[in-house]
Amino acid sequence: MIWLKDSFKKAYVEKFIEIQGSMPNTGTSWEKYRALVVLIKEKMKISQAAESMNDSSPDQEKQVYYFSLEFLIGKLLSYYLINLGIKDVVQEGLEELGIDLEDLIAEENDAALGNGGLGRLSACYLDSMAFLGIPGQGNGIRYKYGLFQQKIVNGFQVELPDNWLKNEYPWEMRKSDNTVVVKFKGHVRTESIKGKLTFFHEDYEPVLAVPYDIPMLGYGNLNRINNLRLWSAEPIKDDLDWVSFNQGDYSKAVAYRSEVEAISYILYPEDSSHAGRELRLRQEYFFTAAGLSTIIRYFKKKNNSFSGFARKVAIHINDTHPALCVPELMRIFMDEEDLGWDEAWNITVNTISFTNHTILPEALEKWPVEIMKSQCPRIYMIIEEIDRRYREEMHHMHPEKRDLIEHTAIIRDGQIHMAHLAVIGSNSVNGVAELHTKILKTQVLKDFYTIYPYKFNNKTNGVSHRRFLLEANPDLSRLISESIGEDWIRQSESLEKLLPYTSDTAFLEKLADVKYHNKCRLANYINDKMNIQVDPSSIFDIQVKRIHAYKRQLLNILKIMDLYNRWREDPSMDIYPTTFIFGGKVAPGYQYAKSIIKLITTMAQRINTDPALGGKMKVIFLENFNVSLAEMIYPAADISEQISTASQEASGTGNMKFMLNGAITLGTLDGANVEIRRAVGDENIAIFGLKANEVMNYYQWGGYKSWEEYQNFPRLKRVVDQLVDGSLGSSNEFAGIYESLLRDNDQYFVLKDFRSYTDTWQKVNLWYQHKLSWASSCLVNIGKGGVFSSDRAIKEYADDIWHVPYQNEIPGPQEQSGINQIKHAYK
Ligand SMILES: *Cc1c(COP(=O)(O)O)cnc(C)c1O
């Protein structure tokens, strides 16, 4: 392997000199980082070009296009070095040049073009598509500002802009040649030409969509490097040119420029709620129209008729944000390619598939007709016609069911229902966990389920076990590979081979050591960042995710308040020392959730400085939870808090990442927790609280009185009272929380679940003290975690929805032509 290292060093030094005109030791860390990325990117391109020369077959492979407004990809460098199998070589080579790879990794921006679970899911899916050799491209927006960075100041969240492109982003490639024009506003003129109605979009506002591609590289699969294509909005001409074009109105030109640039300026920071702003609709149409035009152009290069389109192209829409794919594809087929309605509609429906992500009513997208009409007049006409034909067809099929038509129509009360458009215009509708899909079929989309039962299916979410275990937890990965070999990296189900070790004491002790080591790593980070010492031998009880009422961080902190009350009263109480860790961002306008952060930080301040506790409890709120931090946190967890109100969390993916890193889930029977429990068995998980059907019965029929819960449980009454009785300070900060629990009858059943939650927590705390039993259950969680890999999920999408082949038998490292290629490239 020595030759490999030396050739890497040589290539790296040459690349650095080429870019900077000097030797690496004179450069900054950022320059060294950039040179490494440029070098790797070039090597990838060489092998990709070689591959595409081999692809001379006239028959185009079926392509999958994954449309999503969010891709939370995080950092790429370290992960790609692992996927290329050259991380050790690069690390050692750089070391000999006096460069620490970790310093270069630290220079990379964590690309946060997403809010949370939905955006991370699309990143994991691109990862698995590349690994499995599926030609799958991501399509999204190149936001100038990603998700805000969070600081905690005096216990409150403060948002700072995420200027991630400040220094340039060396992974991306601007593809100016593939620029397209997207048309907004204006009017549609209709004319009959040779007896055919023809539509002319006039006086429109033109917006240039310029694509930037980020290579998506899967583990050990250089043969298939996919792209994440992100679109940037630019004005069509230099201001002044455009002014002279258009009556020389200077202020109009300036307004035009900023209106256009606004489209790809910033990611909306609302997680699970519908912003409803005109700019958001412009974002949605912008990336949809731009993405589709790329698809059509590529298709036409290889095919001369659209009749086979749906056999060569699958378009997947991640939630309803890209649902304008339906009318836009219709527009292209009819207005630009001259197909008739029926043929265009058939192809469109057969091409598009749709994932629903939420049942929260506030998250369902609805657009006022007026906004759609003024921003996208031709698209609006097509939506109207889809709606008209849908109503007509339903009326023929079910003349007696007026209600059904009204409930499922696309346009109603002056609003366009995007989920209805997506269901009607696609061939597949999937939920993201078994329970969630069941709720879609029986509640949220039940009318559609009676009309199109064959469209509905479940695809339980998955996560990249290579990012969140192989990369994030190198010590555990090494322990696993030493015991069962490396198959699990390519075949996550092979993690089951760990199960025999559940009775192997020596192995369980090693497993506990790895966990302890990861907790030390996180403890050091906390000490560096916050100057608070936490004990790595205490239980790490962790809840990290977006802060939202339905996720019930409130329930967790009320539990901590209760424990603190009891510990102060009885210092001899037999509870194992615990460090409670929180992290997560709040949408800037979401005051209620912001007050929950303040409650957590207020309790943290109090508990962490109380000498009487003797360090038995600590509470930490880690600021700026993002993918990089996630990769340090999941491996360090003992307890994974997954405590949403049953029925409200569609799937969750954090639960899977914790599990794969050997944490025990403390959770409700919600989302994929249901499947996690089935996989590990009741004895390896801690479940509490109301069931989904109980919650939904309360929502439907009433009967819950939070006041009674409060009155009937003194420990609970005490913590609720403490929110407003001055024990947390004199301000009225937590009155809103208090009112939500009592006056507003506790929509998320926090008080109802409090008793079973605290009881179950206490049992888990006792359980932890039986070290071997605990470690054995942690191991069961890892061993059973393979099914929650995004590889499994993507294979199901490929088989059932997209109908594309994938490499089932992934060759071992020796046969990897791609790896050989990169080795040769460095020689
Ligand atoms: C996995 C992940 C999420 C989703 O977490 P949930 O617990 O499923 O809500 C959110 N943010 C980041 C950075 C993640 O990695």
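A polar contact here is a pair of N or O atoms within 3.5 Å; within protein, one must be able to donate a hydrogen and the other to accept it, and residues adjacent in sequence count only if both atoms are side-chain atoms. This is a predicted model, where local features need pLDDT of at least 70, side-chain atom pairs count only at pLDDT 80 or more, and totals for chains, interfaces and linings use all residues. Residues are numbered from 1 along each chain as its sequence is written, and side-chain values use heavy atoms, with hydrogens and water left out.

View 1. Domain 1 covers 44-74 + 110-458 and domain 2 covers 465-788 (bounds from an automatic or database domain assignment). Their C-alpha centres sit 35 Å apart. In the contact (heavy atoms within 4.5 Å) we find 41 residues from domain 1 and 43 residues from domain 2.

**View 2. The buried area.** Putting the two domains together buries about 3,400 Å², with carbon and sulfur atoms giving 55% (accessible area lost, 1.4 Å probe, summed over both parts). On the domain 1 side, Q150, Y219 and L435 supply 18% of what gets buried, more than any other three residues.

**View 3. Charged and polar pairs.** Three salt bridges cross the interface of domain 1 and domain 2 (a side-chain nitrogen of Lys or Arg within 4 Å of a carboxyl oxygen of Asp or Glu). Elsewhere in the tally, 15 residue pairs are in polar contact between the domains, both residues at pLDDT 80 or more.

**View 4. E159 and K594 up close.** These two side chains meet in a salt bridge, at 2.7 Å from N to O.
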